[in-house]
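Subject: Structure handover, salt bridges

Hi,

Here is the structure we talked about.

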Amino acid sequence: MAYLDNTVITVDAVLTKLGRERLSQGTFQITKWALSDDEVDYSLYNAAHPLGSDYYSNIIESMPVLEAIPDETQAMRYKLYTSNAIQLDGRIPELDLSDISTDFTTALVYNGGQSLIFDRSTIKTKTRTNNNGDLTTLGIDEDYVITLFNERAFDAIGGEGLVGVSGPNFGAADPFTTSRASTNRNASNTLVRTLTEDLPRLTLTAREDLTSTITTKIRVFGAKTGATKTFTVTVNS
Amino acid sequence: MAHDGIFHTIEGNEIVVKNVEVTTGLWSGDTGSLVTFETSNTQLGKNNSKYFLNVYKDDPDSDSTAEVQFSLAYGHVSGAGSPTLTQDDASTLATKAVYFQFKNALLDNPEDSVFAFSGSANSDDIYAISIARSRFKSIVDPGNWVLKLSGSNGVFTFIDDSNQTLGLRADGVRTGNRFGVVSGSISSANGTVIESSVDSNSEGYGWFYPQKGIIILNPSAIINTVGFTARATGGPGDVTAGQENTGSATAFTTIADTIAPLEPFTGSLVGNGGNYYDQYNWHGLYRSMVLGADFQARSAEYVSSEHFFIRVASDQANDSNNPTWIDETTGTPSIEEFQYDPKTFITTVGLYNDSNELVAVAKLSRPLEKSQTKEALIRVRLDF
């Protein structure tokens, strides 16, 4: 009689830059988790493995994984989702940001004072349902999480999120008019805002006082589907 | 349990907060035993060498990464071992400053005139071993350090008297501010064995202050037990004759490093050609430690850990946004099998706050297969 497998996988977590900043501010909290499969390339899944189905995933499962990267912008790139929980029924979600641009293959370029606006009503989560590549809007109500990798490139107004301890929570107070001093930016440089039903709009205005051009990235993902789009933006000095 | 697509809200019973004591070897590399005691020619050349000696595990003159393990100091209540102000207007009375510094920092009543050791032994001078803060973290683990000193009477082992049986922490150890230094061992099967708490003159060996990482030794008792070479009063002479030092710390240690441990020089300085020199009285203890060649100790610190139990149900997290999972042309899984039996391979757990900020991240050692027929339980530990 064999022993039952009572193994619990134990892993150590590391704080991200933003986590350490929140800890120092006394606003650190953990309320939810998500999973990702960063580093896994599914083309390594071999359904033609000569030893049969037990070995289809052998290459992937045998692969050692890199250490955690303590940078909130670099980890959790590809999130796992629960299809049934959001009535996707096997369809794969995809973000449509065509209201912002139809071509993200090159950097979006902004001069000082120009704005990049994210609006919950114009960002769409779509699926390809008819196997011909056409996108169909998914009928789910989804918030969107926007991560600006280097918030020194823009002044931000709107969305829901935390700011530095000494800065105003402009998301909750007045999402469209309240700004904040540059001294209240996150030390980690990372700005995270969520477009919600109550705070549906985030305006990023390219800073006019830059002494050198900043090129950075913005990541948008659906808070239910995890559908993600990451693109590059450049703000000229 | 609330699972909303990608985020899972953590319920109260999915978090456990634990404070655990973590002990490690005290010395660099978390080794528990220090057997080499190196010094820095750079530090010896500095003015502060008349106050203390930094001791390293590796030779700092050849290894730039060498770290200070502890400092040795000698203090005298009247400033013996340092030139008087009469002898040298610029004298800073280093040994007196050291004595009063430790008296102020360690005694319950700093206005006490001298250190008093067990056996009612008042001592005008002290040796001080001050362990680097970065090495002992929160506390030098009581009952788990051993210092071997060697002299003309042999090798003697000193420990503290916290009476901590191995594996069983005595009451009050963590709250105690001070323990006695005694001769004995901690390697017995029964734990700590104290051989003697005083020397043959009934003088206590010293005090151990775990929270401060400081061991104060009574030179009289240590010298009487271990056996240091007397340094005759008067002078000037050379070091080998055991007399007054008339050179720099570097010149002094160059000679003294090759001979038996020297007693502190506490007599009146005679000087040499009208010049008076510090006596570097910490050297006898340093030399005795070099010859004893073993200083074992552990650091201890309390680490507050949060344990998050990540329970992934069979129907959860079976689909991925990974571009290689998706055939972007058809909008279906790139692997045909996954269209009716979706699988993913978990590598990363992200911990978020209410604002969807990723505040902590954990990685599995290898990808964990997840499918509709498999559940997963992952315990994520976050130390503070």
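Start with D30(B): its relative accessible area is 43%, so it counts as partly exposed. Keep in mind that this is a predicted model.

D30(B) forms a salt bridge with R135(B), at 3.8 Å from N to O. D30(B) sits in the loop between β3 (15-25) and β4 (33-34) of chain B, while R135(B) belongs to helix α3 (residues 133-136), so the bridge ties together parts 105 residues apart in sequence. R135(B) is buried, with a relative accessible area of 9%.

A second pair in chain B is D294(B) and K148(B), with a salt bridge of 4.0 Å, N to O. This one also links distant parts of the chain, 146 residues apart. D294(B) is in the loop between α6 (283-292) and β17 (295-296). K148(B) is in strand β11 (residues 146-151). D294(B) is buried at 9% relative accessible area, whereas K148(B) is partly exposed at 28%.

Now chain A. K17(A) and D71(A) meet in a salt bridge of 3.5 Å, N to O. K17(A) lies in helix α1 (residues 17-25), and D71(A) in the loop between α2 (58-61) and β3 (80-81), 54 residues apart. D71(A) has 18% relative accessibility; the cut-off for buried is under 20%, so D71(A) counts as buried. K17(A), at 29%, is partly exposed.

One more item involves both chains. D12(A), R381(B) and D383(B) are linked in a network of salt bridges.

Over all chains, the structure holds 16 salt bridges.

Best wishes

Definitions and conventions: Residues numbered from 1 in each chain as written. Chains lettered and ligands numbered in written order. Predicted model: local features only at pLDDT ≥ 70, side-chain atom pairs only at ≥ 80, totals over all residues. Heavy atoms only, no water. Salt bridge = Lys/Arg side-chain N within 4 Å of Asp/Glu carboxyl O. Helix = DSSP H or I, 4+ residues; strand = E, 2+ residues; numbered from the N terminus. Buried < 20%, exposed > 50% of the residue type's maximum accessible area, 1.4 Å probe, protein only.
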